[in-house]
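Please examine the sequence and the structure shown below before reading on.

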Amino acid sequence: MNLVKVALCEDNDVYRESLVQFIQDTPGFVVTGAFSTAENILDRIIENYPDIILMDIDMPGISGIEATGIIKQHFPPIDILILTVYEDDQKIFDAILAGASGYLLKKTEPARILEAIIEVQQGGASMSASIVKRVLSFFDRKQAITSKDYLLSPRELSILQCLVNGDSYKMIADNCGISIGTVRSHINNIYKKLHINSKSEAVAKAIKERLL
């Protein structure tokens, strides 16, 4: 079994060290780096190259949202899971726009954080239940924006909604009664039509342009 390589950017020493210990003690996971700031993050990634980074927002110097954008620009395959105390709507939206694959609150149980890591690795966009509600509420509160006609089929729109909801590829397949391979094919078509390259961009574009 391949180990899931996890890195952390978290300035709370106690929280960071306890989470590192929990992850290290869990079979199937390994911590490749744990940092108190996001400074020189690209150099650190080159040295450690994780599969996923748990990213705090409020850190000295570069914020977690800024770091997320930098990482996704240079290392698109690396997933970013925001782990923060903030439930602020704008921060949630900015994190998604920056390329975060998920957004969890620090009060989340460590076991649930590990589940979220797996969900993100499997193609989902994991979020705390309260965060999902806030993300979906953007559709009701934002002023209407005239969106382009991307010619998404009803099935593609349904799958795009699943991505916004944070569903994994397996969950989408089960809900739609199709294979994971078919889900991937639909998602690739969605990416092409929306002119994007990742699930986080798909979610951000769906919210920003009110595609659903």
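Which residue is the bridge partner of alanine 7 in β2? The partner is glycine 33. The sections below place this pair in its surroundings.

## Overview

The model described here is predicted. Its protein chain contains 10 helices and 5 strands. Of the 212 residues in the chain, 52% are buried.

Among contacts in the protein chain with a separation of 6 or more, 66% are between residues 24 or more positions apart. The chain exposes about 10,200 Å², and carbon and sulfur atoms supply 51% of that area.

## The sheet

The 5 strands of an open sheet follow the order β2-β1-β3-β4-β5, and their pairing is parallel. Strands β2 (29-35) and β5 (102-105) stand at the edges with a single partner strand each, so one side of each has no neighbour in the sheet. From one strand to the next, the twist averages 25°.

Strand β1 (residues 4-9) runs parallel to β2 and is joined to it by 6 bridges. Helix α2 (residues 41-48) packs on the sheet, where it touches β1, β2 and β3 (52-55). The direction of α2 makes about 150° with that of β2.

## Strand β4 and its surroundings

Strands β3 and β4 pair in the parallel sense over 4 bridges. Methionine 55 stands opposite isoleucine 82 in β4.

## Helix α3

In helix α3 (residues 64-74), the buried residues are Gly64, Ile65, Ala67, Thr68, Ile71 and Lys72. These residues cover an arc of only 155° around the axis, and therefore lie on the same side of α3. The elements that cover them include α2, β3, β4 (79-84) and α4 (89-98).

## Helix α5

Helix α5 comprises 12 residues (residues 110-121), which at 1.5 Å a residue should span 16 Å. The C-alpha atoms at its ends are 17 Å apart, in agreement with that expectation.

The buried residues of α5 are Ile113, Leu114, Ala116, Ile117 and Val120. Their arc around the axis is only 155°, which puts them on the same side of α5. After α5 comes glycine 123, whose phi is positive, near 105°.

## Isoleucine 159 in helix α7

Isoleucine 159 belongs to helix α7 (residues 154-165). Is isoleucine 159 buried or exposed? With a relative accessible area of 0%, isoleucine 159 is buried.

Which residues are in contact with isoleucine 159, leaving aside its neighbours within four places in sequence? They are Ile172, Cys176, Ile178, His186, Ile187 and Ile190. Isoleucine 159 and alanine 173 are 14 residues apart in sequence, and their C-alpha atoms are 9.3 Å apart in space.

How values were computed: Residues numbered from 1 in each chain as written. Predicted model: local features only at pLDDT ≥ 70, side-chain atom pairs only at ≥ 80, totals over all residues. Heavy atoms only, no water. Helix = DSSP H or I, 4+ residues; strand = E, 2+ residues; numbered from the N terminus. Expected span 1.5 Å × (residues − 1). Buried < 20%, exposed > 50% of the residue type's maximum accessible area, 1.4 Å probe, protein only. Arc of directions from axis to C-beta. Pairing = 2+ DSSP bridges. Axes fitted to C-alpha atoms, helices over the stretch in contact; angles between N-to-C directions. Contact = heavy atoms within 4.5 Å. Areas by Shrake-Rupley, 256 points an atom, 1.4 Å probe, with all protein chains shown as cover.
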